[in-house]
Amino acid sequence: MSLCIPLRFLRPGASCFQSIARKFSADKDEKPRVLITGGLGQLGSGLARIMRQRYGSQNVLLSDIIQPTPQILSEGPFVYADVLDLKHLNSIIVNNRINWVIHFSALLSAVAEDYPQKALDVNLNGFHNIAEVCINHKLRLFSPSTIGAFGPESPKDKCPDVTIMRPKTMYGITKIHMELLGEYYHTKYNLDYRSLRFPGVIGADTAPGGGTTDYAVHIFHDVARKGQYECFLRKDTRLPMIYIQDCLESVVKFMEQPQDNLKLRTYNVTATSFTPDELVNEMKKHFPNMEVIYKPDKRQDIADTWPQVMDDSRARADWGWNHTYDLPELTKVMVDKITEQINNEKQTK
C-alpha cells in the first residue's frame with residue numbers, strides 16, 4: 001500500500017511540481033490560467049465569459065459534474081471535475097498549468113438545509129481538497145462566502161466584515177469553516193486565499209441555485225410570463241442584493257489585486273438592500289398589473305437571521321470596489337433581458 005503525503009510536507013526541492021508552480025505563479029507578465037469549479041451554476045459561466053475576454057478563451061477552464069450545453073462547449077474549454085476527487089483535481093491542475101482557482105462548488109442555503117449531510121460533504125470536503133491542491137501547487141484561490149455566514153447575533157444594519165458570526169444554517173456553518181480555514185492556511189502555508197461575502201445575486205441568464213434570496217430572480221420570470229408571483233418571504237423582509245454583473249466584476253477586480261492591497265482575506269461586497277415590497281413597487285413601473293401573493297415558508301426563518309444591510313466600506317477603500325446597479329437600474333435590466341428571452345422563445349416555436 002502506497003502512502004500519499006501532501007507535497008507541502010516534503011523537503012524543499014523534493015517536488016518538481018512545486019518549483020514549476022512557484023515559477024509560473026510568480027511570473028507577473030503571464031496571463032492567469034484559471035480553473036472554475038461548479039462552473040454551471042449561477043455564477044460560473046458568466047465569470048468564464050468575462051475572464052476569457054481578459055485572459056484568452058483557452059486560459060479559462062470551466063468545470064462541473066453535469067453535462068454542459070452545446071453553447072457552453074462552444075465558448076471555451078470544459079472538463080468534468082468532482083471536487084471530492086483529490087487525485088483527479090491534481091491531474092487537472094498539472095495538465096492544464098492552472099495557477100488561479102475559482103471554487104464555486106457548493107450547496108446553497110435552502111438546498112443545504114434539505115440535504116445537510118450532502119452539504120457537509122461537498123462544502124467542507126470539497127473546499128479541503130481544493131485548498132490542498134492550491135497549497136501544493138502555489139495557486140491563487142478564490143472561494144466565495146455569503147451573507148449566510150452571519151447569524152442573528154450579527155448587526156442587522158451596516159454589518160461589518162469582522163463581527164460576531166454564529167450562523168444557524170448548515171450553509172452558513174460550512175462557509176464560516178471555509179473562511180477560518182482559508183485564513184489559517186494563508187498564515188500557516190502562505191496560501192493566497194481570497195473570499196468575498198456575497199449578498200443575494202440577481203441575474204437573468206442562469207437559474208439561481210437554491211438560496212433564500214432567489215425570490216428576487218424568480219419574481220421577474222413569473223411576472224413576465226404569468227403576471228403574478230407567490231413570494232416565500234414576508235413583504236417587509238429587507239436583504240442585501242447585488243446584480244450579477246457587479247458581482248462577477250468584483251471577483252475579477254479582487255483576484256487581480258496585489259496581495260499588498262488586501263488587509264483582509266475575506267471582504268463584504270454589496271450593492272443595495274430592499275424588501276420584496278420595494279422590489280414590487282419598482283417592477284410595477286414596468287408591469288403595472290402584476291400581482292404578488294405572500295406565503296412565507298421555512299426560508300423566512302433563514303432570512304430572519306441575516307443582516308439587512310452589509311457594510312462593504314473596507315472593500316471600497318482597500319481595493320476600489322464599487323457597484324453600478326442600484327434597484328432601479330437592476331430592475332430595468334432584468335425586465336429587458338427576460339422580455340428578450342421570452343420574445344426569442346416565441347420566435348423559435
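**Notebook: loops, helices and sheets**

Arg97 is partly exposed, at a relative accessible area of 46%. I am working from a predicted model.

**Entry 1: two residues with positive phi**

I stayed with Arg97 and looked up its backbone. Its phi is near 50°, which is positive, and Arg97 is not a glycine. I then asked where Arg97 sits. Its place is the loop between helix 4 (86-95) and strand 4 (100-103).

Next I turned to Lys158. Lys158 is not a glycine either, yet its phi is positive, at about 50°. I found Lys158 in the loop between strand 6 (145-146) and helix 7. Is Lys158 buried or exposed? The relative accessibility is 57%. The cut-off for exposed is over 50%, so Lys158 counts as exposed.

**Entry 2: helix 6 and helix 7**

I looked at how helix 6 (residues 116-136) meets helix 7 (residues 170-189). Their axes come within 10 Å and cross at roughly 15°. Angles under 35 degrees count as roughly parallel. Helix 6 and helix 7 are therefore roughly parallel to each other. The crossing of helix 6 past helix 7 is right-handed.

Which residues make the contact? I listed the helix 6 side as Pro116, Ala119, Leu120, Asn123, Leu124, Phe127, His128, Ala131 and Ile135. From helix 7 come Met170, Tyr171, Thr174, His177, Met178, Leu181, Gly182, Tyr185 and Tyr189. I sorted the residues of this contact by type: 13 are nonpolar, five are polar and none is charged.

**Entry 3: the sheet 8-10-12**

I traced a sheet of three strands. It is open, its order is 8-10-12, and its pairing is mixed. Which strands stand at the edges? They are strand 8 (200-202) and strand 12 (272-274). Each has a single partner strand, so one side of each lacks a neighbour in the sheet. From one strand to the next, the twist averages 45°.

I checked one pairing in detail. Strand 10 (residues 239-243) and strand 12 run antiparallel and are joined by three bridges. In this pair, Leu239 stands opposite Phe274 of strand 12.

Then I looked for helices on this sheet. Helix 8 (residues 215-226) lies across strand 8, strand 10 and strand 12. Its direction is at about 25° to strand 8. Helix 9 (residues 244-255) packs on the sheet too, touching strand 8 and strand 10. The direction of helix 9 makes about 80° with that of strand 10.

**Entry 4: strand 9**

I followed the side chains along strand 9 (residues 228-231). Tyr229 and Cys231 point to one face and are buried.

What does strand 9 pair with? I found four bridges joining strand 9 to strand 13 (residues 291-294), and the two run parallel. Tyr229 stands opposite Val292 in strand 13.

**Entry 5: Thr266**

I ended with Thr266, which lies in strand 11 (residues 266-268). Its relative accessible area is 3%. Buried means under 20%, so Thr266 is buried.

What does Thr266 touch, apart from its neighbours within four places in sequence? I wrote down Asp161, Glu179, Glu183, Tyr193, Ser195 and Arg197.

Definitions and conventions
Residues are numbered from 1 along each chain as its sequence is written. This is a predicted model: local features need pLDDT of at least 70, side-chain atom pairs count only at pLDDT 80 or more; totals for chains, interfaces and linings use all residues. Side-chain values use heavy atoms; hydrogens and water are left out. Buried means under 20% relative accessible area, exposed over 50%, partly exposed in between (1.4 Å probe, protein chains only). Two strands pair if DSSP finds at least two bridges between them. Axes are lines fitted to C-alpha atoms, for helices over the stretch in contact, and angles run from 0 to 180 degrees between N-to-C directions. Angles under 35 degrees count as roughly parallel, over 145 as roughly antiparallel, 65 to 115 as roughly perpendicular and the rest as oblique. A crossing is left-handed if the near helix is turned anticlockwise from the far one by less than a right angle, and right-handed if clockwise. Contact means heavy atoms within 4.5 Å. Ala, Val, Leu, Ile, Met, Phe, Trp, Tyr, Cys and Pro count as nonpolar, Asp, Glu, Lys and Arg as charged, and the others, Gly among them, as polar.
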